[in-house]
Each structure stands twice: as structure tokens, then as C-alpha cells.
2 protein chains.
Amino acid sequence: MTTARSQETPTAMIDRVASLLQSFDGHPRLTLAQISRLANLPRSSAHRILQRLVDLGWVERDGFQYGLGLRMFELGSQVVRRDRAHQAALPFLHALHRSTGLTAHLSVLVSADVLHLERIGTRAETELAWCPGGRQSAVHSAAGRALLAQLDESAWPELTFPAAASSHGIRGLPQLRRDLDQVRERGGVAVDTQWCTAGITAVATAIGPAEAELGAAVSLSGPAGTMPVEKAVAAVRMAAMDIWYAASGVTRLRGRGPRPIILPPAVAAHG
Amino acid sequence: MTTARSQETPTAMIDRVASLLQSFDGHPRLTLAQISRLANLPRSSAHRILQRLVDLGWVERDGFQYGLGLRMFELGSQVVRRDRAHQAALPFLHALHRSTGLTAHLSVLVSADVLHLERIGTRAETELAWCPGGRQSAVHSAAGRALLAQLDESAWPELTFPAAASSHGIRGLPQLRRDLDQVRERGGVAVDTQWCTAGITAVATAIGPAEAELGAAVSLSGPAGTMPVEKAVAAVRMAAMDIWYAASGVTRLRGRGPRPIILPPAVAAHG
């Protein structure tokens, strides 16, 4: 058994470890002084915790700087690998990218953001926010609005309305409601016209109905100037349906298992 | 300041949190009883820590089962995103996959294993061990032996010799030494002929010289029956050189920056 003494403050200690690890969020390399400040921990306490985390491989030390360690990457990778939507989506994301030449993402809502679980292909979306593990504002991102449009407003997370990358974007709740009406009219397809990143257009739709509780969206993005929007819309809608069938194990009328995605020739030729 | 009492056992508490999180390694979903046993923690203590980790998003609860949470994925993703070798390698891994149709990996040595940081493409390598965040035995994997061949034996991690997937594979130190001599004779190229996974052949080479301390290898893998080994060897060698130039920022004789990979027509035709 653990001692009574060590049981008295487990929550405080867990919080200290968590806030220390979270201080690296957006800061790949930090000094002890920076960690102490960001995690709001006394320097001596931060140093003791860091030393132990370095021993365990959770944190790496490089001279006077610290960063998250490979153990963190290894464990974190298992989170998406066991995700039902991710497992079902992976072959279809590859097919989407291969046939369109555009970048395919699988994303989920996390509080006021979308979090990208997977990205296949990369052409122009080089910003960290578009990488797996990256976040974007839910109200600006196509994936975010595709997921919000499926939910009753009472089920929404608390949303924020940061400035968009371009001069447009969603500036408040009334505008969001109007946009989501359009998303629903388009059968669940949301469009991001350079709101997340200047020069990048994205289209997205949710995978399966809200009741399925997969909570994931599939999207395609590409350079705003040349993105074949209508064809990308058709491709993500078909992929979302294929992924949903694969994830739910529902028998399709035309036979068992997902059928290969057949894109209109013009989309395939774009790849 | 933290209280004197809470400072008395920080190491023990960090270790408890770490061993609890690590109990999910290879076990996507666990019950409280399983976690308590795997992490060697009293049930009450495991339950208290879990509750707090659920609050923080590090662990997710689904009925009576627990799994690692998205916060873990999000932080873990940042580890490879800030990695110098990974940043430099990404466009070249995509190019390798595009031009050969084979699966490209970026991998590092972690104790007796290779850990895959990135995978582009997936054809036959569907096992979890080949995924980003997956591990394979260093002595059987092509990437592992390509990295070991660069190091003085005194710098090797402690190696293990598990059974290979096929009837061959490396069975002990004398055989490993003979194999690494061959790797060095081939200019640093290691080959895995179905030792990690039956039906999968892989070729790998280290990126840059050992002194560069990038510690990463690039590899190509594909179905054993149809893998164009010699052409894959030429492609990984060229990619390793391109990535090394990109990562080191060295000016190339023929001009600044990495040049595009030009594959022999036969390899390109295979894609």
C-alpha cells in the first residue's frame, strides 16, 4: 500500500506533472526557467519533476533545454490507432488523396477547436495547425462547422470566435447559425474559403449521422486558386459514406464491405 | 510554494502516474482492475489518479473501460513535429512513396527497437508495428540494422534477439556482426527479408553520418514477391542524401537546397 502521507496530495502532484508537460504545448524547446514560469511551479519543484520525467523518457534534455520525449509520442500514437473512425477511415483517406491530389484530413471537435487526427498528403497546408495533432478554430474550419451542424445547439462546446486568416470568417453566433443552415441545406457539407489559412480552401462533411457518435469529419483541402470545389465536395461526401459503412459494419445493399471510391474522371485526372 | 509534505514523495507519485499511463501500452482499453494489476497500484490509488487524468483529458472513460485521451495524442504529435530529421524528411518521404508506390518510413533507435516516427503510404504493412509510434526489433528491422551499422559496438543499446517472423532473421551477436559487415560493404544499406513481418521486404539506410547525430533511418518496404529491391535501394540512398542535405543546411556543389529526387524510369514506372 502507499503511505497515508503520499495519498494526501495526489491530485496536486498529478496537476503539477500535467501542467509541466502541457507547458510544452506550442513550445518545442524550453529552459527550466521558462517551464517554471509557464507551468506556474517553483523552480526547484519543476527541476525535480523534470529530472524524473527525463529518466522515464517523457521529457528529453538537450543541454539547457527540455522538450517532450519519444515516450510521449509513442503513447500518443496509440490513441488514434485504436480509434474506430480512424481505423475505418485510413484506407479511404489514402484513396481520396490519391484520386484528387488534394490533402485529406480526419478531424474531431475538441472544445472550441477541431483537432486533426490524420492527414494524408500535403501540398500547400504546411502550417503546424494542419498537421496531425494540430488544432484550428472550429467555427472557421470546414470540419468544425460540418460537425457543429450535426449537433443540437445545446450539445455544442463553448465556442470562441477568433479573427479569421482572411477578412471574412465567422464573427459571431448569428453568423454561425446562418452558415450552419447553409451547411445543412448542402447535405452537411461545410466550406472554408481561406478562413483558417490564407490561400487554402477546404471542404468537409461529418462521417455518419450524429447518433452514431463517431464525432469525426473528413475533409479535402487545397490551394484556393485551383481547388476544384464541386468535385472535392462530391469526393468527401462519397468518402464519408464509405467510411461510415466501414466503421459501422452495416451491410450495404450492393454487397458486404466498402466498395472502392469511384470519382468522376475530372477529379481523378486532377491527381 | 508547495508544502513540505507534498514534496516528500514527488518521485513516487510521478512514477505512479507514469506506470498507470504506460499500462495502456499495447492495451487500448482497460478496466480499473486491469490497470491496477498492470501498473502495480492499489485499486483505490489507481482510481483516484484515473479520475484526475480523465478530468485533464489524458485518459478517456467509456463505461467501465479506460483508454488514453486525445490530450496525449496532441502533445505526443508535437514531439515528431519539432524533430529536425522529421521536418527535413517529410517532403522526401512523400516523394519516395509517390515515385515508387512503396511505403516510406522514418525511424529511430530506441533501446533494442526501432520506433517509427513517420510512415507515408501503406500497402501491405498493415500491422500496428509498422504504424507511426510502432516498434520493431532493431536486429530484424532494416532501419534498425542500418543505424546499428553506423555505430561503434560500444555505443549500441542493449540488444535483444527475439524470434523473427520468418524462419531466418538474426539469432545472436555473431550473426548480427556478420550482417552488419555486409551492410557496411553495401554502403550502409540494410535489408529485411520478411524478418519483421512475413510477406514484407524492407530496405533502409541511415540519414547522414553517425557524427551528425540525426540518428534516423529512411526505409522503403513492400510485398516480398514483387518488391523491386535493387531499385528501392537506389531510391532510399538518394533520399537519405537529400534529407541529410536538407537537415544539415549544407550547401551542395550543384547549388543550394535539396534537388528533386530523380528515380530510374523503372522505379518510377512501378508507382
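1. Where pLDDT is low, the predicted coordinates should not be read in detail. Over chain A the pLDDT averages 86, and 86% of the residues score at least 70.

2. On conventions: this is a predicted model, in which local features need pLDDT of at least 70 and side-chain atom pairs count only at pLDDT 80 or more, while totals for chains, interfaces and linings use all residues. Residues are numbered from 1 along each chain as its sequence is written, chains are lettered from A and ligands numbered from 1 in the order in which they are written, and side-chain values use heavy atoms, with hydrogens and water left out.

3. Between the chains, α5(A) packs on helix α5 (residues 70–81) of chain B at an angle of about 130 degrees, the axes being 7 Å apart. The arrangement of α5(A) to α5(B) is therefore oblique (under 35 degrees is roughly parallel, over 145 roughly antiparallel, 65 to 115 roughly perpendicular and the rest oblique). Axes are lines fitted to C-alpha atoms, for helices over the stretch in contact, and angles run from 0 to 180 degrees between N-to-C directions. Helices (H or I, at least four residues) and strands (E, at least two) are DSSP runs, numbered from the N terminus.

4. α5(A) and α5(B) cross in a left-handed sense (near helix turned anticlockwise from the far one by less than a right angle; right-handed if clockwise). Residues making the contact include L70(A), F73(A), G76(A) and V80(A) from α5(A), and L70(B), F73(B), G76(B) and V80(B) from α5(B). The contact residues divide into 12 nonpolar, two polar and no charged (Ala, Val, Leu, Ile, Met, Phe, Trp, Tyr, Cys and Pro count as nonpolar, Asp, Glu, Lys and Arg as charged, the others, Gly among them, as polar).

5. A salt bridge joins the side chains of E74(A) and R135(B), at 2.3 Å from N to O. This pair crosses between chains, from helix α5 (residues 70–81) of chain A to strand β6 (residues 135–137) of chain B. Over all chains the count is 18 salt bridges (a side-chain nitrogen of Lys or Arg within 4 Å of a carboxyl oxygen of Asp or Glu).

6. Within chain A, helix α6 (residues 84–100) and helix α9 (residues 229–248) pack at about 150 degrees with axes 9 Å apart. α6(A) and α9(A) are therefore roughly antiparallel, and their crossing is right-handed. Among the residues that meet are R84(A), F92(A) and L96(A) in α6(A), and D242(A) and I243(A) in α9(A). This contact divides into 11 nonpolar, two polar and two charged residues.

Conventions: pLDDT is the predictor's confidence in each residue, from 0 to 100. Contact means heavy atoms within 4.5 Å.
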